[in-house]
Amino acid sequence: MEVTDPYSTALRPERITVTRTLRDDPLARLHARRQIADADYLAGRKWQALYERAELGRLMGVDMFRESVDAAPAIPAGTTDERLRAARELARLDRALGIEGCAIVRDVLAFRRFI
């Protein structure tokens with residue numbers, strides 16, 4: 001794969017050839033085998049970035065000693081505007097993909113399952 005050399009100058013960027021691992025990245029494997037186009041690959045990376053932004057901080061350990069509360073806030077503490085925007089955009093994309101499309105996209109891009 002060719003990428004811009006991070007050590008080249010900004011005025012004259014150089015390209016170098018690198019090797020990337022495809023072992024744990026189903027999207028990169030599909031792209032490397034030319035099973036998806038460049039636009040599909042970039043769209044997948046954009047979806048992954050949105051997912052990471054929306055899910056960041058959502059995983060919390062369960063505290064068995066805390067008293068359970070029924071009236072939890074609708075928006076959890078620590079939610080930022082950027083995280084809410086990413087979640088709204090993902091919801092919009094989920095509606096556009098439909099039930100089956102959404103399930104496939106989440107399996108491949110979020111959970112890194114191979115087809």
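Trainee: How many helices and strands does the protein chain have?
Mentor: The protein chain has 3 helices and 2 strands, and along the sequence they follow the pattern β-β-α-α-α. Helices (H or I, at least four residues) and strands (E, at least two) are DSSP runs, numbered from the N terminus. Before we go on, note that this is a predicted model, in which local features need pLDDT of at least 70 and side-chain atom pairs count only at pLDDT 80 or more, while totals for chains, interfaces and linings use all residues. Residues are numbered from 1 along each chain as its sequence is written, and side-chain values use heavy atoms, with hydrogens and water left out.

Trainee: What share of the chain counts as buried?
Mentor: Of the 115 residues, 20% count as buried, where buried means under 20% relative accessible area, exposed over 50%, and partly exposed in between (1.4 Å probe, protein chains only).

Trainee: Which residues make up the largest nonpolar core?
Mentor: There are 11 in all: Leu27, Tyr41, Trp47, Leu50, Tyr51, Ala54, Ala86, Leu90, Val105, Val108 and Leu109. The elements that give two or more residues to this core are helix 2 (38-55) and helix 3 (81-110). A nonpolar core here is a set of buried Ala, Val, Leu, Ile, Met, Phe, Trp, Tyr and Cys residues joined through side-chain atoms within 4.5 Å.

Trainee: Take Tyr51, then; what is it in contact with beyond its sequence neighbours?
Mentor: Leaving aside neighbours within four places in sequence, Tyr51 is in contact with Leu90, Arg106, Ala110 and Phe111, contact meaning heavy atoms within 4.5 Å. Tyr51 lies in helix 2 and counts as buried because its relative accessibility is 16%. Tyr51 and Ala86 are 35 residues apart in sequence, yet 7.1 Å apart in space, C-alpha to C-alpha.

Trainee: And Tyr41, what does that one touch?
Mentor: Not counting residues up to four places away in sequence, Tyr41 touches Arg20, Leu27, Ala28, His31 and Ile36.

Trainee: Switching to the end of the chain, is Phe114 buried, exposed or partly exposed?
Mentor: Phe114 counts as partly exposed, because its relative accessibility is 39%, and its place is in the segment after helix 3. With neighbours within four places set aside, Phe114 is in contact with Leu22, Arg23, Asp24, Asp25, Pro26 and Arg29. Between Phe114 and Asp25 there are 89 residues of separation in sequence and 8.4 Å in space, C-alpha to C-alpha.

Trainee: Where is Arg34 found, and what is its phi?
Mentor: Arg34 is found in the loop between helix 1 (26-32) and helix 2, and its phi is near 55°, a positive value in a residue other than glycine. Arg34 is exposed, with a relative accessible area of 74%. Arg112 also has a phi near 55°, but Arg112 sits in the segment after helix 3 and is partly exposed at 37%.

Trainee: One last thing, which element gives the most to the lining of the second largest pocket?
Mentor: Helix 3 does, with 6 residues, although helix 1, helix 2 and helix 3 each supply at least two. On a 1 Å grid over the protein atoms alone, a pocket is an open set of points where a 1.4 Å probe fits, with protein on both sides within 12 Å along at least five of seven lines, and lining residues have an atom within 4 Å of a point. Of the 15 lining residues, the closest to the centre of this pocket are Asp40, Ala43, Gly44, Val105 and Leu109.
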